[in-house]
Every structure is written in C-alpha cells, then in structure tokens.
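Hi,

Here is the structure I said I would pass along. Have a look at it first, and then read on for what turned up.

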Amino acid sequence: MNNDQQMIPLREGLWSETPSPHLLGHRCSGCGEVFFPRKENGICTYCHGTDLEKIDLGTRGRIHTCTVVMLRPPGGYYRGDVPYALGYVELPDGVLVETLFTGCDPEEVKVGMEVELVLEKLHDDEEGREVKTYKFKPVAA
C-alpha cells in the first residue's frame, strides 16, 4: 500500500484492533446465545430478549466446515483469486463465523484444523482504497 492509499474495513463493527485484533460479538443475557456479527437490531433471534452484552470473541478456533471454490461467482461478487477456501470456524464460545481461509493452499484446509484470526486485504475498491477484512489461517505447528 502506498502512502496515499487509504485502508478501510469491509464493514464497520466486525472487529477491533485494540489491544490486538479480535472479532466483536454479542451475548444474550437471557439465554446465553452468542452472535457474530453483533445484532444491529439489539434483539436475540433465539429468545427475543433485548439485553445483549457486547463481548470480544476469541481469536482461535477450529474449522467446522469448509469448501474450495474453483470458479469465480458471476456478477463481481468476489474479486480475489480462485481457487479459494471458504467455510465456518467455531470459536470457543460456540459461535460459528463464516470466513475466508488464508495462509495455505486452499486444498490443505480441513475440518477440525485449528486456525487463528488475521486481518488482511480483501481487494481494492472502485476508489483505489484497500478493503480489509478478517480471515482465518492455520495455526503454525
């Protein structure tokens, strides 16, 4: 990234970088359900409670399910390289996070693999800004 180029998040409120990168979630005080991303409407989809506590989610988890995408979706949905690995990571508090995987060959991504959160460039937007997102990468052995 050059000094004139701005980096922006894919969406505000998905993560914090203070004190270190972590995802942001909600926990329902009524039923204990954990949500990612945070519930913008402030209502638990399980018990319909409205007492949601803001929480920091863990930075490590295990791959719950994954697939390798070999063809670019139509309509500009995804601007990155293919193939790529996509799936869900289960964090220690039980929440499933949909994510892209990075840091290895997409064919090496396997269910049960331990992974950790990273923040990386997703693509450049129409104005030339780098769009940053969260991804998960395999934990080094």
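Below are my notes, starting with the ground rules and then going from the overall fold to single residues.

This is a predicted model, so local features need pLDDT of at least 70 and side-chain atom pairs count only at pLDDT 80 or more, while totals for chains, interfaces and linings use all residues. Residues are numbered from 1 along each chain as its sequence is written, and side-chain values use heavy atoms, with hydrogens and water left out.

**Overall**

The chain has 10 strands and zero helices, where helices (H or I, at least four residues) and strands (E, at least two) are DSSP runs numbered from the N terminus. Reading along the sequence gives β-β-β-β-β-β-β-β-β-β. The C-alpha trace spans about 45 × 35 × 35 Å along its principal axes.

Of the 141 residues, 35% count as buried. Here buried means under 20% relative accessible area, exposed means over 50%, and partly exposed is in between (1.4 Å probe, protein chains only). The chain exposes about 8,500 Å², with carbon and sulfur atoms supplying 47% of that; accessible areas come from the Shrake-Rupley method with a 1.4 Å probe, and for residues only the protein chains shown count as cover.

As for contacts (heavy atoms within 4.5 Å), take those between residues at least 6 apart in sequence: 50% of them join residues at least 24 apart.

**The core**

The largest nonpolar core has 20 residues. By nonpolar core I mean a set of buried Ala, Val, Leu, Ile, Met, Phe, Trp, Tyr and Cys residues joined through side-chain atoms within 4.5 Å. The members that touch the most other members are Leu23, Phe36, Leu57, Leu91, Val97, Tyr134 and Phe136. Strands S7 (84–90), S8 (96–101), S9 (114–124) and S10 (130–138) are the elements that give two or more residues to this core, and S9 provides the largest share, three residues.

Leaving out residues up to four places away in sequence, Phe136 touches Leu23, Thr59, Val89, Leu91, Val97, Thr99, Leu100, Phe101, Thr102, Val115, Glu116 and Leu117.

Gly58 sits in the loop between strand S5 (52–56) and strand S6 (60–69), and is partly exposed at 26% relative accessible area.

**Charges**

There are 15 positive and 23 negative side chains, and the centres of the two sets lie 1 Å apart. Lys and Arg count as positive and Asp and Glu as negative, with His and the chain ends not counted; each charge is placed at NZ of Lys, CZ of Arg, CG of Asp or CD of Glu.

A search of the whole structure finds 10 salt bridges, meaning a side-chain nitrogen of Lys or Arg within 4 Å of a carboxyl oxygen of Asp or Glu. Lys121 takes part in a salt bridge with Asp124 at 3.2 Å, N to O, and in another with Glu130, where the closest N and O atoms are 3.9 Å apart. Lys121 is partly exposed at 37% and Asp124 is partly exposed at 36%, whereas Glu130 is buried at 8%.

Glu127 and Arg129 form a salt bridge as well, with the closest N and O atoms 3.5 Å apart. Glu127 is exposed at 63%, while Arg129 is partly exposed at 23%. Elsewhere, salt bridges that share partners join Arg60, Glu114, Glu116 and Lys137 into one network.

**Backbone details**

Another runs from Val82 to Pro83, with omega near 0 degrees; Pro83 is in the loop between S6 and S7.

Finally, His48 has a positive phi, near 65 degrees, in a residue other than glycine. His48 lies in the loop between strand S4 (34–35) and S5, and counts as exposed at 58% relative accessibility.

Cheers
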